[in-house]
Amino acid sequence: MGEERPTVGLALGAGAAKGIAHIGVLQVLKEADINIDYLAGTSIGSMIGGFYAAGLDLKWIERIAYQINWDLLTDFTVPRQGLIAGKKVKAFVQLLTKSKRFSDLDIPFAAVATDIEKGEEVILQDGLVADAIRASTSIPGVYVPYRIDNRLLVDGAILNRIPVNVVQNLGADVIIGVDVGFDFQENKVNNIFDVILTSIRIMEQEVFDKRIIEADVLIRPEVGYIAPQDLDRAEEAVAAGIEAAQKALPQIKESIERWEEQ
């Protein structure tokens, strides 16, 4: 029987508004006293994960999710590399992460982005957390790409929708992944944002289907009916995250116990 508990890593996946379900997952894990030792996120997963790693209370994150709307995150620009400049998102994230650097975080954290010029996955875990989240959430065609260390970065979901490999490399023994994009359902396509978001979602799924996901537990909130842009359905997303995480708790505890018995 092992004497030490295993380290637990949590990988929060991409999915735009669907990813608000991550808040419910985090609430359940915290209430069950499952400590998160390593945290990684892609796109919306990087935003919610970054807030949590920075020490923001989950109830506050939930309240913010219920009040946020696209007007607060949208600053249109002359389309050159994207429709939205992204300065509002950067300011919003920097405020909520309290301008913390990765070295200031309560939990070791990494955000995943994509170098659009080289076609490479980029793991961000140095410097200002807000810069990393801004890069990781840069949906191609919607938000202007973000440059860090001479790399032009966009949404990490293009190559790695659920960054379980990242928390594994950080040192986690038991890995929990949260997939908010698995249940693709038909959503209305009314404007250019819908076209871009839905197209990327379809491409992400194709990449994901060919990727081996080595998570001990994969939590899948049922949010397929929520469109990526539906921020006004935040309460439903959180509830779906809570329900899925509660169902996964026995498997999570079993994975931890199994490791302890090694």
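Predicted model: local features only at pLDDT ≥ 70, side-chain atom pairs only at ≥ 80, totals over all residues.
In the unreviewed UniProt entry, the annotation "active site" covers Ser43 and Asp155. Although these residues are spread over 113 residues of sequence, they cluster in space, with a largest C-alpha distance of 5.8 Å. Of the annotated residues, Ser43 is included in the lining of the largest cavity.

Ser43 is placed in the loop between strand S2 (38-42) and helix H2 (44-53). Because its relative accessible area is 6%, and buried means under 20%, Ser43 is classed as buried. When neighbours within four places in sequence are left aside, the residues in contact with Ser43 are Ala14, Val112, Ser136, Thr137 and Asp155, so that the annotated pair is joined by a direct contact under the cut-off of heavy atoms within 4.5 Å.

Asp155, for its part, belongs to strand S8, which comprises residues 151-155. With a relative accessibility of 5%, Asp155 also counts as buried.

Attention now turns to the nonpolar interior. In soluble globular proteins, nonpolar side chains tend to be buried together. The largest nonpolar core of this model holds 76 residues, of which Leu10, Leu39, Phe92, Leu124, Ile219 and Ile252 touch the most other members. Helix H9, made up of residues 234-260, gives the most to this core, with 10 residues. For Ile252, the contacts beyond four places in sequence are with Leu29, Ile34, Ile176, Val217 and Ile219. Another core, of 11 residues, lies apart from the largest one and has Tyr38, Ala110, Ile162 and Ala172 among its members.

Two or more lining residues are given by each of H2, helix H3 (58-67), helix H4 (70-73) and helix H5 (87-96), while the largest share, four residues, comes from H2. By class, the lining comprises 19 nonpolar and two polar residues, with no charged residues.

Technical notes
Residues numbered from 1 in each chain as written. Heavy atoms only, no water. UniProt positions renumbered as here; feature names shortened; annotations may be inferred. 1 Å grid on protein atoms, 1.4 Å probe; cavity = no way out; pocket = protein on both sides within 12 Å on 5 of 7 lines; lining within 4 Å. Buried < 20%, exposed > 50% of the residue type's maximum accessible area, 1.4 Å probe, protein only. Core = buried A, V, L, I, M, F, W, Y, C linked by side-chain atoms within 4.5 Å. Nonpolar A, V, L, I, M, F, W, Y, C, P; charged D, E, K, R; others polar.
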